[in-house]
Amino acid sequence: MPKKKKAGKTAKKAVSKPPKALDVPGPTALEISLRLELESLEKDLDAAKLQAEEARKQNLFLHEELRQTEEEAAEYEAYMAKRTQREQLKVDNLADRNQLALSAIQAEKLRKTKEFEELTKTLQDTLIERERDYAKVQLQLDDLAEFAQRRQAQQDEITELETKMATLSNAHQQELADTKARMLNERVQFQRQATREVHQLEQDAAKEAAECLQEHTRHVQDENKRLRWELVQTFSANKQLRERQAMLTK
């Protein structure tokens with residue numbers, strides 16, 4: 001292939017040179033077609049080389065990925081094996097604990113059953129004893145029937161007395177309320193009457209004071225008239241005395 005490229009370049013150089021003589025013919029159509037095909041083949045070859053290089057790199061990458069994947073898978077398998085072993089150990093331990101717990105529950109169940117049976121027997125014995133005591137108490141109650149009747153009669157009497165006392169208390173409270181209301185009403189009426197009387201007394205006092213003032217005024221006026229008349233009489237007598245004196249002096 002390099003030799004062909006070199007020949008092609010030589011041919012290109014030969015084509016690029018000017019003809020030495022005018023009668024030299026140009027490249028034929030076959031030569032041009034072969035040259036174009038050769039150039040196309042060279043381009044395809046270069047592209048194939050690039051694809052091969054890319055495929056080689058991709059292959060190396062895939063091999064590396066496969067190796068890493070295998071290593072990770074091996075590590076994961078080892079991890080899962082250890083984890084499975086631990087989980088199995090936990091399951092075994094849990095099974096042992098569950099067995100111990102189950103044994104303890106069975107023992108506790110037997111103990112509870114025994115205690116229940118003993119308690120049932122005790123309760124049955126207690127029930128029989130209580131039934132005997134009840135029979136005795138029933139006999140005593142029958143003997144105390146008359147006492148119960150008397151007590152009921154006393155209780156009825158007490159209830160009746162309490163009812164009467166409540167009735168009397170209510171009546172007393174009502175009477176007190178009525179008395180209080182009546183006294184308040186009388187007090188209000190008395191205050192109103194007293195107010196009216198005081199107002200009347202004030203009016204009477206004012207009227208009497210006015211009459212006294214008028215009487216005093218009339219008395220003062222009369223006294224003033226009398227004094228004025230006496231003063232006039234005095235002046236007249238004095239005038240007559242002066243005239244008489246004057247005559248006697250002449």
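The secondary structure of this predicted protein model comes to 3 helices and 0 strands, where helices (H or I, at least four residues) and strands (E, at least two) are DSSP runs that are numbered from the N terminus. Read from the N terminus on, the elements follow the order α-α-α. Helix α1 covers residues 2–16, helix α2 covers residues 29–143, and helix α3 covers residues 145–249.

The model is a prediction, in which local features need pLDDT of at least 70 and side-chain atom pairs count only at pLDDT 80 or more, while totals for chains, interfaces and linings use all residues. Residues are numbered from 1 along each chain as its sequence is written, and side-chain values use heavy atoms, with hydrogens and water left out.

Confidence is given by pLDDT, the predictor's confidence in each residue, from 0 to 100. The protein averages a pLDDT of 79, and 88% of the residues score at least 70. Among the helices, confidence is highest in α3, at a mean of 84, and lowest in α1, at a mean of 43. Over residues 1–22 the pLDDT stays under 50, and for this stretch the model has 8 contacts beyond four places in sequence, a contact meaning heavy atoms within 4.5 Å. Where pLDDT is low, the predicted coordinates should not be read in detail.

Side chains of opposite charge can pair when their charged atoms come close. The structure holds 11 salt bridges, each being a side-chain nitrogen of Lys or Arg within 4 Å of a carboxyl oxygen of Asp or Glu. Three of these pairs are set out below.

| Pair | N to O distance | Relative accessible area |
|---|---|---|
| Glu 53 and Arg 56 | 2.4 Å | Glu 53 32%, Arg 56 42% |
| Lys 90 and Glu 87 | 3.9 Å | Lys 90 51%, Glu 87 36% |
| Arg 226 and Glu 223 | 2.1 Å | Arg 226 36%, Glu 223 28% |

In helix α2, Glu 53 and Arg 56 are separated by about one helical turn, because they stand 3 residues apart. Glu 53 is partly exposed, and Arg 56 is partly exposed as well. Lys 90 and Glu 87 also lie in helix α2, 3 residues apart, about one turn of the helix; here Lys 90 is exposed, while Glu 87 counts as partly exposed. In helix α3, Arg 226 and Glu 223 are likewise 3 residues apart, about one turn, with Arg 226 partly exposed and Glu 223 partly exposed. Beyond these pairs, a network of salt bridges links Glu 64, Arg 67 and Glu 71.

Technical notes: Buried means under 20% relative accessible area, exposed over 50%, partly exposed in between (1.4 Å probe, protein chains only).
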